[in-house]
Amino acid sequence: MIQEAKIEESALLTEIALISKAYWGYSKEQVESWRKDLTISVKMIEEMMIYTFVQETNVVGFYALNPPVEQSIELEMLFVLPNYIGKSIGKQLLLHSFNEAKKFDVDEMTLLADPNAVSFYKKQGFEIIAKKESSIPNRYLPIMRKKLSRR
């Protein structure tokens, strides 16, 4: 079940993001260096559109959408706990984000992808439109975009 994130889930969502990021083989030091970027604060839950995927009574994944700017909306984060990767939870969260984005009558969704997630996003219709240097020297993160059909 997908539902709006609750204020009291901020620490849990941060931990899900960190655990999910570590799944891709990054060192503990690298993951810890990204803690600030992967932290879900109470303010974010209040100001962004953050939805969780709840299996039984456990939150096992989430996504965060930034407020739209002009005709575009950015998927800030999408994370699923490692034990639930490959079970279509990420896809369900992404499809839910498309439906939420369409409520704002935007033309496109963008995101800054972890290189390990590029194939997942390409399967859902995203294309690489640019690259941005990451905090790791000589490592570039793809900026991806998907055109959204209007209702």
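Two strands are said to pair if DSSP finds at least two bridges between them, and strands here are DSSP runs (E, at least two residues), as helices are (H or I, at least four), each numbered from the N terminus. In this predicted model, an open sheet of 7 strands runs in the order β1-β2-β3-β4-β5-β7-β6, with mixed pairing. Local features need pLDDT of at least 70 and side-chain atom pairs count only at pLDDT 80 or more, while totals for chains, interfaces and linings use all residues. Residues are numbered from 1 along each chain as its sequence is written, and side-chain values use heavy atoms, with hydrogens and water left out.

**The sheet and its edges**
- The edge strands, each pairing on one side only, are β1 (2-4) and β6 (127-133), and the twist from one strand to the next averages 30° (axes are lines fitted to C-alpha atoms, for helices over the stretch in contact, with angles from 0 to 180 degrees between N-to-C directions).
- β1 pairs with strand β2 (residues 49-55) in the antiparallel sense over 3 bridges, and Gln3 stands opposite Thr52 in β2.
- β6 and strand β7 (residues 140-147) are also paired in the antiparallel sense, over 6 bridges, with Tyr140 in β7 as the bridge partner of Glu133.
- The hairpin formed by β6 and β7 has 6 residues between the strands, and Asn138 in the turn has a positive phi of about 60°.

**Helix α1 on the sheet**
- Helix α1 (residues 10-22) lies across β2, β3 (58-65) and β4, and runs at about 90° to β3.

**Ser72 in β4**
- Ser72 is found in strand β4 (residues 72-80) and counts as buried because its relative accessibility is 18%, where buried means under 20% relative accessible area, exposed over 50% and partly exposed in between (1.4 Å probe, protein chains only).
- Not counting residues up to four places away in sequence, Ser72 touches Val106, Glu108 and Thr110, contact meaning heavy atoms within 4.5 Å.
- The side chain of Ser72 also makes a polar contact with the side chain of Glu108 (3.2 Å); such a contact is a pair of N or O atoms within 3.5 Å and, within protein, one must be able to donate a hydrogen and the other to accept it, residues adjacent in sequence counting only if both atoms are side-chain atoms.
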